[in-house]
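Please read the points below with the sequence and the model open beside you. They are written as a colleague's note and go from one region to the next.

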Amino acid sequence: MEKIIVRGGKRLSGTVKVEGAKNAVLPVIAATLLASDGKSIIKDVPTLSDVYTINEVLRNLNADVAFHDNQVTVDASRELLEEAPFEYVRKMRASVLVMGSLLARNGRARVALPGGCAIGSRPIDQHLKGFEAMGAKVKVGNGFIDAEVEGRLKGARVYLDFPSVGATENIMMAATLAEGITILENVAKEPEIVDLANLLNKMGAKVRGAGTGTMRIEGVDKLYGTEHTIIPDRIEAGTFMTAAALTGGNVLVQGAVPEHLTSLIAKMEEMGVKILEEEDGLRVIGPKTLKAIDIKTMPHPGFPTDMQSQMMALLLRAEGTSMITETVFENRFMHVEEFRRMNANIKIEGRSVIVNGPTNIQGAEVAATDLRAAAALILTGLVADGITRVTELKHLDRGYVNFHGKLASLGADVERINEDVPAETKKIADLNA
Ligand SMILES: CC(=O)N[C@H]1[C@@H](OP(=O)(O)OP(=O)(O)OC[C@H]2O[C@@H](n3ccc(=O)[nH]c3=O)[C@H](O)[C@@H]2O)O[C@H](CO)[C@@H](O)[C@@H]1O
Ligand SMILES: C=C(OP(=O)(O)O)C(=O)O
């Protein structure tokens with residue numbers, strides 16, 4: 001079994017560079033299916049397991065996909081197939097993002113119904129409501145969603161009940177090739193939505209209003225391959241910012257975009273963390289003592305749910321009582337039990353968690369429950385007494401490239417090991433290396 005081993009007590013310092021954003025690259029790669037003419041070249045693509053999964057989904061749909069040197073090249077000019085099977089959707093829910101492109105290009109899409117996951121039930125009713133408003137007939141049965149439209153999708157007015165990131169993206173992609181104008185209301189405003197709109201417009205689409213609550217998309221007849229560079233990952237940046245603050249360190253997070261991180265910067269400053277804008281990123285200087293604060297996760301520009309568990313790690317070390325309220329996912333507190341194993345004084349009350357700090361954190365064996373929890377537990381290990389072992393690293397690999405290596409380059413005592421390899425075999429392998 002693979003584990004990350006952390007020996008606590010080191011102060012982080014130096015520079016760390018963030019990768020391209022996972023949550024931007026997945027919809028962007030799904031959108032390349034819309035180009036019936038020319039190749040799409042996507043740059044600054046992180047080497048994450050989720051990227052390999054979405055690439056496989058596209059190959060399965062008959063697109064040519066190459067991935068090397070952080071660049072994905074997609075040729076989707078051949079006729080596309082229509083099915084994204086459960087084997088991919090189970091690994092990664094974002095596989096459903098091919099649905100909008102497939103419906104728009106093919107008039108048909110068949111995607112395995114995603115199940116619940118460790119952070120909530122995560123239905124996709126808002127995605128389907130958008131497709132139906134555009135004239136698609138949607139059927140759910142035998143574990144699949146089948147959507148079909150006669151002729152082209154038709155522009156429509158769609159109001160989302162909640163500003164869902166995925167629904168906004170899926171409906172945006174579908175609307176680019178629809179006949180007429182689509183008005184999308186109460187949409188998500190995340191930076192990743194703006195990145196997707198920028199890509200679509202470079203492909204020849206007419207998307208206006210991305211980053212605001214209402215979008216207007218005028219359908220066009222055809223879209224073309226283009227070149228696009230993915231925005232930096234604000235959640236990876238935020239994770240390293242938290243690591244610096246937690247260890248009382250001084251770290252330059254290169255590539256962090258302050259405008260993408262306003263809520264996190266505000267909350268960390270409230271805790272007493274010093275954050276300085278530099279030319280190529282954000283410098284984070286951790287204080288001797290951290291102040292307790294309250295946090296409520298919200299859609300962007302509110303505090304991101306994807307930073308909730310890392311901030312919980314930081315609040316364990318704050319003096320006083322903090323409250324974290326999760327409003328985006330109904331079950332994103334699975335990491336609380338793992339923090340308790342590390343001596344945290346923490347309790348769940350409905351959709352909130354009460355943290356009484358500062359905790360004298362103790363190293364323990366803990367299991368990651370989702371990708372952000374994986375990062376948060378490793379961060380907590382950085383300030384624990386003794387050794388922390390974090391398992392279930394498949395979650396970490398969905399969202400972080402070489403996380404332990406980057407922390408080690410900042411001075412952390414952290415390594416990744418595979419305990420299934422018997423010592424003797426390892427010795428022989430080392431001798432032969
Ligand atoms: C690949 C990707 O970009 N993932 C991000 C995306 O996920 P994702 O796109 O799945 O998140 P959504 O914004 O869609 O989900 C937010 C909430 O809306 C609910 N909902 C969503 C769609 C729907 O049709 N019906 C419905 O009820 C969900 O169950 C959840 O409670 O945004 C989340 C919220 O910022 C982030 O945590 C994820 O990291
Ligand atoms: C929840 C996340 O991702 P996904 O939507 O891909 O599960 C995340 O990135 O924290």
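1. Basis of the note. This is a predicted model, in which local features need pLDDT of at least 70 and side-chain atom pairs count only at pLDDT 80 or more, while totals for chains, interfaces and linings use all residues. Residues are numbered from 1 along each chain as its sequence is written, chains are lettered from A and ligands numbered from 1 in the order in which they are written, and side-chain values use heavy atoms, with hydrogens and water left out.

2. R332 sits in the loop that runs between β22 (318-325) and α11 (335-341), where helices (H or I, at least four residues) and strands (E, at least two) are DSSP runs numbered from the N terminus. Its relative accessible area is 5%, so R332 is buried; buried means under 20%, exposed over 50%, and partly exposed in between, with a 1.4 Å probe and protein chains only.

3. The surroundings of ligand 2. R332 and D306 are also among the residues around ligand 2, a group that includes K22, R372 and R398; a residue is counted as near if one of its heavy atoms lies within 4 Å. By class, this shell holds two nonpolar, one polar and six charged residues, where Asp, Glu, Lys and Arg count as charged, Ala, Val, Leu, Ile, Met, Phe, Trp, Tyr, Cys and Pro as nonpolar, and the others, Gly among them, as polar. Domain 1 (1-17 + 231-416) and domain 2 (21-227) both contribute residues to the shell, so ligand 2 lies between them; the domain bounds come from an automatic or database domain assignment.

4. Atoms facing ligand 2. An oxygen atom of ligand 2 is 2.6 Å from a polar side-chain atom of R398, and an oxygen atom of the ligand is 2.9 Å from an N or O atom in the side chain of K22. Taken alone, ligand 2 exposes 300 Å², of which the protein buries 90%, with areas from the Shrake-Rupley method and a 1.4 Å probe, and for residues only the protein chains shown count as cover.

5. Helix α1. Both α1 (22-31) and α12 (371-382) supply at least two residues of the shell. Nine of the ten residues of α1 are buried, K22 among them.

6. Strands β9 (residues 137-141) and β10 pair in the antiparallel sense over five bridges, pairing being defined by at least two DSSP bridges. V140 stands opposite I145 in β10, and the turn residue N142 has a positive phi of about 50°.

7. Backbone details to check. The peptide bond from H300 to P301 is cis, with omega near 10°, and a cis bond with omega of about 0° joins G357 and P358. D44 has a positive phi near 60° although it is not a glycine, and with a relative accessible area of 43% D44 is partly exposed.

How values were computed
A polar contact is a pair of N or O atoms within 3.5 Å; within protein, one must be able to donate a hydrogen and the other to accept it, and residues adjacent in sequence count only if both atoms are side-chain atoms.
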